[in-house]
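Please look over the structure below before reading the briefing. The points are grouped by topic.

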Amino acid sequence: MSERSKTLADDPYGGRRPTSHERQSGEPWDASYQDGPAPWDIDGPQPALVRLASRGGLAGTVLDAGCGSGDNTLHVASLGLRVLGVDVAETALEQARAKARERGLEAEFAVADALRLGDLGREFDTVLDSGLFHTFDGEERPEYVSGLASVTAHGGTLYVLCFSDEGPEPGPHPVSREELTAAFSSGWSIAAIEPERVLTRRHPDGAPGWLATIKRI
Ligand SMILES: C[S@@+](CC[C@H](N)C(=O)[O-])C[C@H]1O[C@@H](n2cnc3c(N)ncnc32)[C@H](O)[C@@H]1O
């Protein structure tokens with residue numbers, strides 16, 4: 001057994017408190033990546049983020065919080081931007097690094113708990129959240145948002161792509177416009193909350209979503 005497997009077998013949460021999603025599912029996030037692709041792993045970037053990038057929405061240094069197996073991060077890297085993808089799932093990060101090697105792209109990937117983003121001790125001009133915010137419950141969100149504030153440069157931009165509660169066949173963890181507005185009511189200015197589609201393997205045409213553009217003030 002490798003050192004990493006031994007450590008994960010001892011404590012699959014690596015010393016951190018399991019998130020509400022992990023407590024509910026009874027499994028660490030890493031388990032989703034161990035037997036074939038996770039349901040949200042569409043083997044490419046989210047079209048909403050590709051469109052956002054093509055209209056010049058991404059700039060400077062970029063953080064992808066909860067990057068999973070890295071397709072959004074690598075799309076950012078393909079634009080020539082410096083990008084760090086962080087996740088708690090080490091298996092996902094191994095997959096992300098392998099994709100980067102295969103595609104000849106340069107991106108940094110690191111294990112980090114998005115509920116303690118301040119520990120990174122770094123600041124980014126653009127922060128992406130594709131499918132992470134909506135996994136946190138009402139208790140975790142303030143902690144997450146305060147960590148986001150510490151890593152987003154003043155004047156920088158945070159994009160949150162999440163499931164929405166508007167429209168037929170919502171995805172898991174649908175979020176309302178009001179919840180988004182309330183979560184970013186202090187230290188942030190919401191520039192836009194636009195209806196979008198979030199693709200998953202179960203929703204190839206996309207489930208109802210929001211793309212929120214949020215400025216750090
Ligand atoms: C629904 S997936 C989305 C993955 C990727 N962003 C995408 O769009 O395909 C949520 C991701 O967030 C990660 N995650 C969940 N809680 C986290 C935390 N506290 N810190 C860092 N990553 C976390 C999970 O491991 C998973 O990779």
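**Briefing**

Helix α5 is followed by G104, which has a positive phi near 65 degrees. Helices (H or I, at least four residues) and strands (E, at least two) are DSSP runs, numbered from the N terminus. This is a predicted model, in which local features need pLDDT of at least 70, side-chain atom pairs count only at pLDDT 80 or more, and totals for chains, interfaces and linings use all residues. Residues are numbered from 1 along each chain as its sequence is written.

**Helix α5**

- Helix α5 covers residues 90–103, which makes 14 residues, and reaches 20 Å from its first C-alpha to its last. That is close to the 20 Å expected at 1.5 Å a residue, where the expected span is 1.5 Å times one less than the number of residues.
- A92, L93, Q95 and A96 are buried in α5. They lie on the same side of α5, because they cover an arc of only 160 degrees around the axis; the arc is that of the directions from the helix axis to the C-beta atoms.
- A residue is buried if 20 or more other C-beta atoms lie within 10 Å of its own, exposed if 12 or fewer, and partly exposed in between, with C-beta atoms placed from the backbone.
- The exposed residues A98, R101 and E102 are on the face of α5 turned away from its buried side.
- The cover over the buried residues of α5 includes α4 (71–78), β2 (83–87) and β3 (108–111). Two residues are in contact if their C-beta atoms, placed from the backbone, lie within 7 Å.

**Helix α6**

- Helix α6 (residues 140–151) has twelve residues, which should span 16 Å at 1.5 Å a residue; the end C-alpha atoms of α6 are 17 Å apart, which agrees.
- R141, Y144, V145, G147, L148 and V151 are the buried residues of α6. They are on the same side of α6, since their arc around the axis is only 160 degrees.
- These buried residues of α6 pack against β1 (62–65), β4 (124–130), β5 and α7.

**Annotated domain and ligand**

- The UniProt record, an unreviewed entry, places the feature "domain: Methyltransferase" at residues 62–156. UniProt positions are given in the numbering used here, feature names are shortened, and annotations may be inferred rather than shown by experiment.
- The span 62–156 is 36% helix and 26% strand, and its end C-alpha atoms lie 10 Å apart.
- The ligand is surrounded by 21 residues, and the closest are W29, G66, G68, A114 and G131. A residue is near a molecule if its C-beta atom, placed from the backbone, lies within 6 Å of it.
- The shell around the ligand has ten nonpolar, eight polar and three charged residues. Ala, Val, Leu, Ile, Met, Phe, Trp, Tyr, Cys and Pro count as nonpolar, Asp, Glu, Lys and Arg as charged, and the others, Gly among them, as polar.

- Most residues other than glycine have a negative phi.
- D43 has a positive phi, near 60 degrees, and sits in the loop between α2 (20–25) and α3 (47–54). D43 is exposed, with 9 other C-beta atoms within 10 Å.
- H173 has a positive phi, near 55 degrees, and is in the loop between β5 (152–163) and α7 (177–183). H173 is partly exposed, with 16 C-beta neighbours inside 10 Å.

**Residue R197**

- R197 is in strand β6 (residues 188–198) and is partly exposed, with 18 C-beta neighbours inside 10 Å.
- R197 and Q46 are 151 residues apart in sequence but 8.9 Å apart in space, C-alpha to C-alpha.
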